[in-house]
Amino acid sequence: MLDINLECPPHGKGEGPPLPHRPQSALFLDLDGTLAPIEATPGAVGPDRDRTRLLRRLVERFNGRVAILSGRSIAEVDRILQGAVVSVAGVHGLERRSSRGDVTGVQSDPALERVAETLECFAKGQRGLLVENKGRSVALHYRAHPPAEEACLDIGRRLAAVHGLQIQEGRMVIELRTPGPDKGGSLELFMAAKPFAGAIPIMVGDDLTDEHAFRTAEALGGWSVLVGDPRPSAALYRLPDPAAVLAWLEQAAA
Ligand SMILES: [Mg+2]
């Protein structure tokens, strides 16, 4: 859990965020559950022509101050968003592509291969579990079989302790990752350089892993939007689902 006092966003359902002030704002957007509905498997999320067009327009309108912060790899983000956004932090910040297109990343922990094998064996014995090896992290998805949550958390915590890895809990997924930057750290790195430096950061996301970035955005003078049902969050505003996010972004790009 996060080491902060979380409060429910003060804005009730239907009361969305204000429109970002274009000349001053920078947009930081999560992908799954924020720009795209959550699907049964990660591979089921595909490109969408209207969304791609909208993102390209946002990049233009905000003078390049748009970044994607996702748990997916950069390659996966590019597949789904058709390369519309250059500034991308992948695998929750373990890899990052700057606005100039330079890619950096932390070295993958060698223990992850063993962890992936162990999780594959574990998943084979249970219905509806899916292992996703992202290189710098390995995710175990239990969306197709939510009752497996306890067992997944248990094996995840034990593997993290044995191999000195970080465990990250998300919506219907646990992830064993190489220790390194989280989404908040990525947001900070983007904000330290052009074209983001000096702008007001606005972070939009749905998951627990986005809370780090919500706090960082606020610490840097910005604000955040939680996507989904009300829950304790560091975000100031809330939108109910990805469709509402896209409608809000359409207005911001108009
Ligand atoms: Mg998400």
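**Close-up views of a predicted model**

**View 1. Helices H3 and H4.** In this predicted model, the axes of H3 (residues 111–124) and H4 (residues 149–163) come within 11 Å and cross at roughly 155°. That angle is over 145°, so H3 counts as roughly antiparallel to H4. The crossing of H3 and H4 is right-handed. On the H3 side the contact involves Ala-111, Val-115, Thr-118 and Phe-122, and these meet Ile-155, Leu-159 and His-163 of H4. By class, the contact of H3 with H4 comprises five nonpolar residues, two polar residues and no charged residues.

**View 2. Glu-117 in helix H3.** Glu-117 is placed in H3, the helix of residues 111–124. Glu-117 has 13 other C-beta atoms within 10 Å and is therefore partly exposed. Between Glu-117 and Glu-175 the C-alpha to C-alpha distance is 14 Å, with a separation of 58 residues in sequence.

**View 3. Helices H1 and H7.** H1 (residues 49–61) and H7 (residues 242–253) have axes that come within 9 Å and cross at roughly 40°. H1 is therefore oblique to H7. The crossing of H1 past H7 is left-handed. H1 contributes Arg-51, Leu-54, Arg-57, Leu-58 and Arg-61 to the contact, while H7 contributes Leu-246, Leu-249, Glu-250, Ala-252 and Ala-253. Sorted by class, the residues in the contact of H1 with H7 are six nonpolar and four charged, with no polar residues.

**View 4. The nonpolar cores.** The largest nonpolar core has 44 residues. Within this core, the residues with the most contacts are Phe-28, Leu-58, Ala-67, Ile-68 and Val-85. Ile-68 touches Leu-29, Leu-31, Val-77, Leu-81, Val-85 and Val-88, when residues up to four places away in sequence are not counted.

**View 5. The loop between strands S3 and S4.** His-92 lies in the loop that joins S3 (88–90) to S4 (95–97), and Val-91 lies in the loop between S3 and S4 as well. His-92 has 30 other C-beta atoms within 10 Å and is therefore buried. Apart from neighbours within four places in sequence, His-92 is in contact with Gly-71, Gln-168, Arg-177, Asp-182, Lys-183 and Thr-209. The C-alpha atoms of His-92 and Ser-186 are 8.1 Å apart, and the two residues are 94 residues apart in sequence. Val-91 is not a glycine, yet has a positive phi of about 45°. Val-91 counts as buried because 27 C-beta neighbours lie inside 10 Å.

**View 6. Helices H5 and H6.** H5 (residues 183–191) packs with H6 (residues 211–219) at an angle of about 35°, and their axes are 7 Å apart. The residues in contact are Lys-183, Gly-184, Leu-187 and Glu-188 from H5, together with His-212, Ala-213, Arg-215, Thr-216 and Ala-217 from H6. By class, the contact of H5 with H6 has three nonpolar, three polar and three charged residues.

**View 7. The loop between helix H5 and strand S10.** Pro-195 lies in the loop between H5 and S10 (200–205), and Phe-196 is also found in the loop between H5 and S10. The peptide bond that runs from Lys-194 to Pro-195 is cis, with omega near -5°. Phe-196 has 26 C-beta neighbours inside 10 Å and therefore counts as buried. With neighbours within four places in sequence left aside, Phe-196 is in contact with Ala-26, Arg-65, Phe-190 and Met-191. Phe-196 and Phe-62 are separated by 134 residues in sequence and by 9.8 Å in space, C-alpha to C-alpha.

**View 8. Asn-63 between helix H1 and strand S2.** The loop between H1 and S2 (66–69) contains Asn-63. Asn-63 has a positive phi of about 50°, although it is not a glycine. There are 14 C-beta neighbours inside 10 Å of Asn-63, so Asn-63 counts as partly exposed.

Definitions and conventions. Residues are numbered from 1 along each chain as its sequence is written. This is a predicted model: local features need pLDDT of at least 70, side-chain atom pairs count only at pLDDT 80 or more; totals for chains, interfaces and linings use all residues. Axes are lines fitted to C-alpha atoms, for helices over the stretch in contact, and angles run from 0 to 180 degrees between N-to-C directions. Helices (H or I, at least four residues) and strands (E, at least two) are DSSP runs, numbered from the N terminus. Angles under 35 degrees count as roughly parallel, over 145 as roughly antiparallel, 65 to 115 as roughly perpendicular and the rest as oblique. A crossing is left-handed if the near helix is turned anticlockwise from the far one by less than a right angle, and right-handed if clockwise. Two residues are in contact if their C-beta atoms, placed from the backbone, lie within 7 Å. Ala, Val, Leu, Ile, Met, Phe, Trp, Tyr, Cys and Pro count as nonpolar, Asp, Glu, Lys and Arg as charged, and the others, Gly among them, as polar. A nonpolar core is a set of buried Ala, Val, Leu, Ile, Met, Phe, Trp, Tyr and Cys residues joined through C-beta atoms within 7 Å. A residue is buried if 20 or more other C-beta atoms lie within 10 Å of its own, exposed if 12 or fewer, and partly exposed in between; C-beta atoms are placed from the backbone.
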